[in-house]
Amino acid sequence: MEAASDTLKMIINKICEPEPFFILMVLWCFASVIWADKWVKPKIAFTMMGAFFLLYLFSLTDSNFYSIATKGDNIPIIAMLFMSVYFTWLGFWRGVENDKRKAEGRPMIEEEGKEVKVLVWPHLIYIEFIVGIFCTALLVVWSIVIMAPLEEPASSAATPNPSKAPWYFLGLQEMLVYFDPWMAGVVAPSLIIVGLMAIPYLDKNPKGNGYYTIKERWFAISFFNFGYLVLWMALIFLGTVMRGPNWNFFGPFDYWDVHKQPVLNNLNLSELFFIKTLDMGLPEHWLKREALGIALTVIYLFVLPVLFDKVPFFKIGEFFKKMRIEMGAVRYYTFIFLFLTMMSLPIKMVLRWTVNLKYVVAIPEYFFNI
Amino acid sequence: MAFRVFRSINKAALSGEVTRRSFVNWLGLGWLMFTAAMGACTAAMGRFMMPNVLFEPPMAFKAGFPDEYQEGKVDIRWKAKYGVWVVREKGGFYALSTVCTHLGCTPNWLSADSKFKCPCHGSGFYITGIHFEGPAPRPLERYKISLADDGQILVDKSKIFQQEKGQWEDAEAYLPMSA
């Protein structure tokens, strides 16, 4: 029994190393859409959710995980994990159901009972009132039972180790590990907000308005799931459970050893290129030194968008071409730009984990690093 | 002009009748008062930016005598109060800022691993202040360091030396003294 649980913990620790964890999350993103009609069946979905819950209960028997999971700050994160799983399933289930109904020519779920008129008062207000009372009661109980995780008075000489942002910002904090603070702290968050606000203006496709569907909007759904569930939710989980002292990676069941010191000699692209590959010194002038990085960035942001609709295999080119014609050039290229900016985060993460790349372009002389 | 405005306001107040002109004048006066009040509030706020007393440690401080330091060790005595690490190496002394160049947290000196490590995003620095781990884009800053008249080490935080600008070569950034 003991041995079996240790093996399981070891396996989970291995899965939760950044690379496999991230690969699994990306695979899930595609698999959940491709095999939507299989896994959303309530029997299968609830078995999986039950297994997930049992795994959580099992994890609580581990003292290291227990101390993370029961910290006042982290309880909402655990609740959030279960809620995102449930609501993701709910959306998928309704989408699959609607797709099936559409194929059979039956009305959508949302169209059922449309002829019955229900008044806001008392039907809606009443429900909202009851929910409001329950939420208030829950918050009162919560604030009494769960202590605020207060620490000693702040001191400029002693930064808590690890020093974690509020839980909803852990995704941003993870981003700060890979990018310059100016990029990860100002440019990227602004682009996230602007990008989310731009969605209704970029997306003219009327399909999916007012009803759930998977088949008609599979690209938008997997794209959104990647941005939200992987790049936001999963990063919050990663920041909570897998980041320990000195901001090193730890498995969920690892002891948080302050003296764990993995070798992380990060190198800039210029150093990788000139010193490691060409075996010569760095050029004096920054423009010469960073030319390769600047060229790659320019290609990524300005040449790649033009190539998307020319990919010759798997009908990818055709797909993007159709999209460009339907959306119009301005909308399409804005979308591609936002898409590429979003993808720069996972690309940079993987490069950091695999080849210890620090910055593609590093010009500390002018406080410009990407 | 001002006289005429006041005369018309006065006239309206005495007679009790409100003409278009007096209404506009009253309105103008009201807005003027409002603006003045807001301006005064802003000025009062601005006044808070210059406090009468500053409870901050001075920018320059004496960091003890050179023979108190051990070669190859980072002295963390001045970290809490002044935010400075004084390092003694074979050829002399230098003073490092305790502010991480990534986002401004305070790193810890890990003597067993001979590095400064930031707990916020994992930036790491060698004992010299050169960055080698994590996202920090540039080395820790150094402060002006010299000998005071009484033979103590004098660190002046008002003068900063940045390695990436080649300022560490400056004579004031380093206090040469053989061990």
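# Exercises on a two-chain model

A:Glu290 and A:Arg289 pair in a salt bridge, with their closest N and O atoms 2.8 Å apart. The structure is a predicted model. The exercises below start from this pair.

**Exercise 1. State whether A:Glu290 and A:Arg289 are buried or exposed, and find how many salt bridges the whole structure holds.**

Step 1. A salt bridge requires a side-chain nitrogen of Lys or Arg within 4 Å of a carboxyl oxygen of Asp or Glu. The closest N and O atoms of A:Arg289 and A:Glu290 are 2.8 Å apart, and the pair is a salt bridge.

Step 2. Both residues, A:Glu290 and A:Arg289, are buried.

Step 3. Over all chains, the search finds 22 salt bridges. In chain A, a network of salt bridges links A:Glu97, A:Lys100, A:Arg101 and A:Glu112.

**Exercise 2. Work out which parts of chain B are tied together by B:Lys62 and B:Asp150.**

Step 1. The side chains of B:Lys62 and B:Asp150 form a salt bridge, at 3.3 Å from N to O.

Step 2. B:Lys62 belongs to strand 1 (residues 60–62) of chain B, while B:Asp150 sits in the loop between strand 9 (142–147) and strand 10 (153–161), so the pair ties together parts 88 residues apart in sequence.

**Exercise 3. Classify B:Asp75 and B:Arg77 as buried, partly exposed or exposed.**

Step 1. The two side chains meet in a salt bridge of 3.0 Å, N to O.

Step 2. Buried means under 20% relative accessible area. B:Asp75 has a relative accessibility of 11%, so B:Asp75 is buried.

Step 3. B:Arg77 has a relative accessibility of 42%, so B:Arg77 is partly exposed.

**Exercise 4. Describe the contact between chain A and chain B: what area is buried, and how many salt bridges and polar contacts cross the interface?**

Step 1. Chain A contributes 28 residues and chain B 27 residues.

Step 2. The two chains bury about 2200 Å² between them, with 51% of that area on carbon and sulfur atoms.

Step 3. The count of salt bridges across the interface is 0. There are 6 residue pairs in polar contact across the interface, both residues at pLDDT 80 or more.

Step 4. On the side of chain A that touches chain B, helix 8 (residues 170–178) gives the most, with 3 residues. By class, this side of chain A has 13 nonpolar, 11 polar and 4 charged residues.

**Exercise 5. Find two separations: A:Val355 to A:Ile44, and domain 1 to domain 2 of chain B.**

Step 1. A:Val355 lies in helix 15 (residues 329–355) of chain A. With a relative accessible area of 44%, A:Val355 is partly exposed.

Step 2. A:Val355 and A:Ile44 are 311 residues apart in sequence and, C-alpha to C-alpha, 40 Å apart in space.

Step 3. In chain B, the domain assignment gives domain 1 (2–48) and domain 2 (60–176). The centres of these domains, taken over C-alpha atoms, are separated by 59 Å.

Notes. Residues are numbered from 1 along each chain as its sequence is written. Chains are lettered from A and ligands numbered from 1 in the order in which they are written. This is a predicted model: local features need pLDDT of at least 70, side-chain atom pairs count only at pLDDT 80 or more; totals for chains, interfaces and linings use all residues. Side-chain values use heavy atoms; hydrogens and water are left out. Contact means heavy atoms within 4.5 Å. Buried area is the accessible area (1.4 Å probe) that two parts lose on being put together, summed over both. A polar contact is a pair of N or O atoms within 3.5 Å; within protein, one must be able to donate a hydrogen and the other to accept it, and residues adjacent in sequence count only if both atoms are side-chain atoms. Helices (H or I, at least four residues) and strands (E, at least two) are DSSP runs, numbered from the N terminus. Ala, Val, Leu, Ile, Met, Phe, Trp, Tyr, Cys and Pro count as nonpolar, Asp, Glu, Lys and Arg as charged, and the others, Gly among them, as polar. Buried means under 20% relative accessible area, exposed over 50%, partly exposed in between (1.4 Å probe, protein chains only). Domain bounds come from an automatic or database domain assignment.
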